[in-house]
Amino acid sequence: MTWAHQDKTAIVGIGYTPYWARGDSFPRTLNEMAGQAILAACADAGISIRQIDGFAYQAGAGAGYMDKFDTASLVETLGIPQIGFSATLTGGGGGMAGAAGLATAAIMNSDATYVVTVMALQQLPAKRLGTISSKAAASPENSFVQPSGMIGPGHRMSVLARRHMHLYGTQREAFGEIVISQRENAIPRETAIRRTPLTLDEYFASPMLADPLCRLDFCLETDGAVAFITTSADRARDGRQQPVYIHGCTHGGGREWGRAFAWMGMPDPEFGSSGHKPVADRLWAQSGCKPSDIDVALLYDHFSCMVLMQLEDYGFCGKGEGGPFVESGAIRYKGGAIPVNTHGGQLSEAYIIGMTHMREAVEQLRGVAVNQVRGAELALVTGGPASLPISGLILRN
Amino acid sequence: MYVPNRYGPAVVVPGDYISITTDVWTEPFWQAAKERRLTACKCANCGFFRMPPSPFCPECQSQEVQWPTLAGTGTVFSFAICTRSPFPNVSDFVYVPVVVDLDGAPAARLVANLSGVNAEDVRIGMRVGVDWTPIQEGWLLPNFRPI
């Protein structure tokens, strides 16, 4: 059944700071970067910061991994007169795309008119994602995983990738193609951290960090902030920018996936997957779209292997066929059936917990992307395969 | 061209650096481990196994549990090969985190280390048996070796 709120809200502003290599945003503060992104998004939308009256966060309102956004502090800092909505999806970056649905809930419930979603990330040495879990004392739950030395997300992801390779014959060449194709997309982008061309031999020479995943399979560690503003379709039509309508948005997921790689209890086929299938199935059902309708896919790429598994879970290819699918060139910007991560993604451009994907989707649908997909009308954006909830979003112009 | 790495012998993460915590639901697992007895949390009502141990059976919501003694054997479901030390003051070593399907406890898995084998020779489907590693505060951690 079609979603009751289909195309009733739209993204009307997007704002961002520069992207920095890990730690290089210092001495800026997290709230400063968030504020800069929010003010830039307001300027882009052609509205005053005083018109912002709602906050819809992802990741438990996390600001990076060790800090939290506090709406009261942002209201005080930015001079926002009054708010009617302040909420977050739970979980982590899995809910990134779903924050647009949360903003829609705020607007359709008449709680707010202009809702901002923001993420800022600053990985100072003590707050570096890959090292956080090794420092945390193991909880009773985590005492069943952490002693294995799987301290970082890459360690845990590699176990899922291995299962996929075992079941379906997926080759490292497929992961390499994802990394290389996204690098190609990053080359013309001045915002991208990594812009040098990459060959398959260079990919294979990258040191193994958690076999079968090498360093180039891991996303970048970067700093920066991105914000977007959602409002009603009626207001959007009178706005400064071409509206980017929220056509469908789902979050959630199934028990079989659950805590995912924090748990490792997933049965087949969920173990060697992105966990997105229930979210994807609902997204297609509520939007009335099918994979072949999508013009550009911005798939959360914290690790290359998860791009492949999302392509399967969203039905761009069959389950287990992700390897041959990407190796055929299907995800290339130039000539691919479904261009993926046309901005270079988190593997080559920058990693702001998925929010760079929102920026790219908006730019594609406004027709102003650096690697513009000609005539793009529908974009898919996903949250990160991780503990529930995970999320998917279809935007249209 | 991709040439698989030769890693050499896999060792376990040094127990001196490993600490665990328990709660009322996980404590029986670790107390059994202290006696070198591998168990898993089994619902006393419907027989469903769950790991880690938790307050409710996800199948029937019962809170009654049993702790059957398992054979201590299992099958490698998946694994990674890691080459960097997880600890800043310990030099690098090769270790293989494994996800193990436990014999006699369907759907229950343990995440552990596999040693006694060259890392490049580990395979999904490999048969393994429990091998206890002393860790901090007198606890024993179930790791595995090929059998």
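**Strands and the contact**

Analyst: In this predicted model, strand β1 (residues 41–43) of chain B runs antiparallel to β3(B), and 2 bridges join them. Within that pairing, Cys43(B) stands opposite Val65(B) in β3(B).

User: What holds strands of a sheet together in general, and in what order do the strands of the open sheet in chain B lie?

Analyst: Strands of a sheet pair through backbone hydrogen bonds, and they may do so in a parallel or an antiparallel way. Here the open sheet has 3 strands in the order β2-β1-β3 (chain B), and the pairing is antiparallel. Because β2 (49–50) and β3 (65–66) of chain B stand at the edges with a single partner strand each, one side of each has no neighbour in the sheet.

User: How many residues does the contact take from chain A and from chain B?

Analyst: The contact takes 28 residues from chain A and 30 residues from chain B. On the chain B side, β4 (73–79), β5 (81–82), β6 (96–102) and β7 (109–114) each supply at least two residues, and β7(B) gives the most, with 4 residues. Sorted by class, this side of chain B that touches chain A has 19 nonpolar, 8 polar and 3 charged residues.

User: Which strand of chain A pairs with β5(B)?

Analyst: Strand β8 (residues 208–211) of chain A pairs with β5(B) in the antiparallel sense, over 2 bridges, and the bridge partner of Ala210(A) in β5(B) is Cys82(B).

Note on methods:
Residues numbered from 1 in each chain as written. Chains lettered and ligands numbered in written order. Predicted model: local features only at pLDDT ≥ 70, side-chain atom pairs only at ≥ 80, totals over all residues. Contact = placed C-beta atoms within 7 Å. Nonpolar A, V, L, I, M, F, W, Y, C, P; charged D, E, K, R; others polar. Pairing = 2+ DSSP bridges.
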